[in-house]
Amino acid sequence: MRLFANRSLGFVLPLLGALAAAPAGTFRPGQPWLDTAGAPIQAHGGGILVQSNIYYWYGEDRTTRRTSVSCYASTNLCDWTREAVAFDPAHLPGDLRDRSFIERPKVIFNPRTQKYVMWFHLEQRGYHFARAGVAVGDGPAGPFTFLHALRPIPADFGFKEDDVDQQKQFGGTFRDMNLFVDEDGRAYVFYASEGNWTMYVVRLNAEFTGPETPAVRGQTWERILVRRMREAPAPFKYQGRYYLITSGCTGWTPNAADCAVADRPLGPWESRGNPCVGPGAETTFGAQSTFVLPVVGVPGGFIFMADRWNPQQLRESRYVWLPVVFKPDGSVTIPWREEWDLSAFDKR
Ligand code: DGJ
């Protein structure tokens, strides 16, 4: 479908009206996916923000040497128009600019400040820098201005003196990450920490630009999935319960997903095993979680978004999007589908 070919969505959308008015196409997990200009979508390790009934997909543009953050827009989740480079690593401050690259960017909107806030994994060769990068913008497509690089929790959990990640000095590492805004308006960052051994969930400050301070374990942040070696966190909430899909830590090689559940964002989180079902379920269908998207206007309609990485040529990596299915007992499954559309959510 090429509804918006060669046009900026910002220009045509006011004419389109409600989100539901846009016709939907089909999703073909693992198949090439072109934007409305006919170019392969570059939004790996990404996530989606919904604003004024428009979906904005942010992710890694791997066509550039050090990964810029792309922003695409859609009203039907199938047809995506490239809006902008939302953040270019060239705009990092001088001491970071030439050495750093970006992974897994996510954006949330802060109604209090009216700012769009981007977080990402800011990294350097060897993966030992392991910081969060935070940038702020006035509109969904940016441009975003870099604010700071940080490790949100500086606590020392007995880290070794000679730790190559320098956690004793700077706190737990920050690698694969995601953001989550709860119904009460509070935001959280989930990230693989402690050398990827343990995940942290940290409530954000009122501006969403850093951790809530003073940071108090058990009240404003928590260690979760302790010593489980999980990454690629994808949190979501349904009917008052919190869900967290993660992957194992095997680099670019796919492995089995896990879905954990909790009654509160800080946990306790209880692992419920692999939600994937069907051929390829043991490797998350050859992919790795990146986000779970609540579909606008579809109660209980969630899309599991994952990356099928191509380590030889990361720009060639594909997307695996599948509908999440809730079982009557509240547990989650993600069955494989060759091709599907949003009417999958009508048939439940
Ligand atoms: C797995 C992570 O999930 C990716 O985002 C990336 O950091 C690779 N590891 C690098 O090996």
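## A tour from the ligand outwards

Start by selecting Asp-176 and the ligand: an N or O atom in the Asp-176 side chain is 2.4 Å from an oxygen atom of the ligand. Taken alone, the ligand exposes 290 Å², and the protein buries 89% of that (accessible areas come from the Shrake-Rupley method with a 1.4 Å probe; for residues, only the protein chains shown count as cover).

Before you go on, note that this is a predicted model, in which local features need pLDDT of at least 70 and side-chain atom pairs count only at pLDDT 80 or more, while totals for chains, interfaces and linings use all residues. Residues are numbered from 1 along each chain as its sequence is written, and side-chain values use heavy atoms, with hydrogens and water left out.

**Stop 1: the ligand shell**

Ala, Val, Leu, Ile, Met, Phe, Trp, Tyr, Cys and Pro count as nonpolar, Asp, Glu, Lys and Arg as charged, and the others, Gly among them, as polar.

Stay on Arg-104 for its backbone. Arg-104 is not a glycine, yet its phi is positive, about 50°; this residue is found in strand 5. Strands (E, at least two residues) and helices (H or I, at least four) are DSSP runs, numbered from the N terminus.

**Stop 2: the largest pocket**

Select Ile-48, Ile-108, Phe-180, Val-181 and Pro-294, which lie nearest the centre of the largest pocket among its 31 lining residues. Strand 1 (44–51), strand 5 (100–110), strand 9 (177–181), strand 13 (230–238) and strand 18 (288–294) each give two or more residues to this lining. Which strand gives the largest share of the lining? It is strand 1, with five residues. The pocket has a volume of about 650 Å³, and its lining has 21 nonpolar, six polar and four charged residues.

On a 1 Å grid over the protein atoms alone, a pocket is an open set of points with protein on both sides within 12 Å along at least five of seven lines, a cavity is a set where a 1.4 Å probe fits but cannot get out, and lining residues have an atom within 4 Å of a point. Grid points are joined across faces, edges and corners, and a volume is the space filled by probe spheres set on the points.

**Stop 3: the cavity**

The structure holds one cavity of 30 Å³ or more. To find the largest cavity, select its lining residues, including Ser-247, Trp-252, Asn-255, Asp-307 and Trp-309. About 50 Å³ of space lies inside, and the lining divides into four nonpolar, six polar and one charged.

**Stop 4: two cis prolines**

Go to Pro-143, in the loop between strand 7 (131–137) and strand 8 (145–150). The peptide bond from Gly-142 to Pro-143 is cis, with omega near 5°. Then jump to Gly-267 and Pro-268, joined by a cis peptide bond with omega about 10°.

How values were computed:
Polar contact = N/O pair within 3.5 Å; in protein donor to acceptor, adjacent residues only side chain to side chain.
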